[in-house]
Amino acid sequence: MNERTDGPLVLGIETSCDETGVGIVRGTTLLADAVASSVAEHERFGGVVPEVASRAHLEAMVPTIRRACETAGIALGDVDAIAVTAGPGLAGALLVGVASAKALALSLDKPLYGVNHLAAHVAVDQLQHGPLPEPCLAMLVSGGHSSLLKVTDITTGVDPMGATIDDAAGEAFDKVARLLGLGFPGGPAIDRTALSGNSVAIDFPRGLSTRKDLERHRFDFSFSGLKTAVARWIEARERAGELVPVADVAASFQEAVADVLVRKALDAATSEGIDSIVLGGGVAANSRLRAMLEERAARAGVHVRVPRPGLCTDNGAMVAALGAEMVARGRRPSALDIPADSSQPVTHVLW
Ligand code: KG4
Ligand code: ZN
């Protein structure tokens with residue numbers, strides 16, 4: 001740990017999906033990270049229902065802000081700035097956070113920073129491992145995104161190198177877990193189940209990895225073919241009246257996802273001469289992905305930084321961390337009429 005204990009006091013709000021997060025940081029020091037999740041309300045639908053998430057954000061916002069301030073031992077009036085996820089994400093869900101942040105900024109007369117959710121996933125690593133190495137290669141893998149980003153300046157210079165062309169990595173975990181009758185969210189269930197399975201039992205396809213694919217999609221991902229391959233494999237066993245070896249399917253599927261992610265991340269980093277990879281997003285909690293990345297990166301001489309699981313999933317601390325960096329680097333605050341931008345590109349780090 002080498003975090004600074006000085007720096008701006010920033011409150012960050014995150015509502016892009018199903019987590020209402022309110023974080024408070026001072027510089028790169030985490031003071032509070034309050035999260036209320038509506039994940040249980042979406043369980044029976046097997047995925048996040050936008051209207052349900054928006055309503056849950058509305059209900060959770062004020063109590064979560066209060067809880068964060070109590071934990072940090074600060075009054076709202078003490079903060080130097082308010083940061084909020086402006087996008088990308090679910091439109092209605094984002095709107096609740098953006099409206100709340102504007103109300104706070106206006107009533108407290110503090111600057112507002114409307115920031116990019118993906119860049120915040122990268123910035124959060126500062127709270128655990130100190131100042132980000134720049135340049136670095138960030139791999140963000142969650143239910144909503146799977147991207148490889150080249151980060152030269154986390155407040156202005158985030159360049160997409162590759163992304164998924166269909167399902168996100170977390171979405172593939174959730175869909176395959178559903179096929180296997182494991183619960184939602186599927187990632188943690190597959191991770192647990194795979195522990196007792198054989199990861200080389202079934203040779204599932206590695207998306208966008210043939211020589212021809214690599215010509216056009218060297219750093220892009222595709223997981224929908226893998227999901228279909230798993231579905232077909234299970235159907236064939238069921239048609240033959242055989243038992244489905246759930247743990248082996250989970251382990252072999254997980255191996256296929258991790259293999260492609262790690263290979264492409266290392267290829268992207270080394271092709272740019274970058275020697276640090278930051279992993280983020282909910283799927284970064286996956287035990288096989290973490291182990292495989294660390295092992296292969298060490299062999300390639302690449303340093304890996306992975307925040308603890310609570311900082312990898314959506315939270316307010318990541319937004320506060322990026323907001324604090326905006327203040328520390330003297331970036332101009334956002335106007336009070338910024339939109340909630342559901343498809344905000346990653347190159348647009350600050351409104
Ligand atoms: O970042 P996150 O909390 O929310 C967004 O989607 O933005 O990520 C949630 C995703 C879900 O798809 C969940 O299944 C996946 O992260 N996930 C995991 C694990 N823990 C969460 N996937 C694989 N292994 C895990 N241990
Ligand atoms: Zn996220």
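**A walk through the model**

Author: Let me begin with Pro88, which sits in the loop between β4 (81-87) and α3 (91-108), where helices (H or I, at least four residues) and strands (E, at least two) are DSSP runs numbered from the N terminus. This is a predicted model, in which local features need pLDDT of at least 70, side-chain atom pairs count only at pLDDT 80 or more, and totals for chains, interfaces and linings use all residues. Residues are numbered from 1 along each chain as its sequence is written, chains are lettered from A and ligands numbered from 1 in the order in which they are written, and side-chain values use heavy atoms, with hydrogens and water left out.

Reader: What kind of peptide bond joins Gly87 and Pro88?

Author: The bond between Gly87 and Pro88 is cis, with omega at about -10°. A cis peptide bond also joins Phe184 and Pro185, with omega at about 0°, and Pro185 lies in the loop between α6 and α7. For background, most residues other than glycine have a negative phi, and most peptide bonds are trans.

Reader: Changing topic, which residues coordinate the zinc ion?

Author: The zinc ion (ligand 2) is coordinated by His117 (NE2), His121 (NE2) and Asp314 (OD), at 2.1 to 2.2 Å. Donors here are N, O and S atoms within 2.8 Å of the metal (3.2 Å for Na, K and Ca), and water is not among the atoms, so sites may look incomplete.

Reader: And what spacing do the donors follow along the chain?

Author: The spacing of the zinc donors is H-x3-H-x192-D. His117 lies in helix α4 and Asp314 in the loop between α12 and α13 (316-328), so the pair ties together parts that are 197 residues apart in sequence. His117 is buried, with a relative accessible area of 1%, and Asp314 counts as buried at 13%.

Reader: What about ligand 1, how many residues surround it?

Author: Ligand 1 is surrounded by 20 residues, of which Gly143, Asp174, Gly187, Asp191 and Gly282 are the closest; a residue is near a molecule or strand if one of its heavy atoms lies within 4 Å of it.

Reader: Then the pocket: how much space lies in the largest pocket?

Author: The largest pocket holds about 980 Å³ of space. On a 1 Å grid over the protein atoms alone, a pocket is an open set of points where a 1.4 Å probe fits, with protein on both sides within 12 Å along at least five of seven lines, and lining residues have an atom within 4 Å of a point. Grid points are joined across faces, edges and corners, and a volume is the space filled by probe spheres set on the points.

Reader: What lines the largest pocket?

Author: Its lining has 39 residues, and Cys17, Ser142, Gly143, Gly144 and Asp174 lie nearest the centre of the largest pocket. Helix α6 gives the largest share of that lining, six residues.

Reader: One last thing, where is Arg305 found?

Author: Arg305 is found in strand β10 (residues 303-305) and counts as buried at 9% relative accessibility. A polar atom of the Arg305 side chain lies 2.8 Å from the backbone oxygen of Gly130.

Key. Buried means under 20% relative accessible area, exposed over 50%, partly exposed in between (1.4 Å probe, protein chains only). A polar contact is a pair of N or O atoms within 3.5 Å; within protein, one must be able to donate a hydrogen and the other to accept it, and residues adjacent in sequence count only if both atoms are side-chain atoms.
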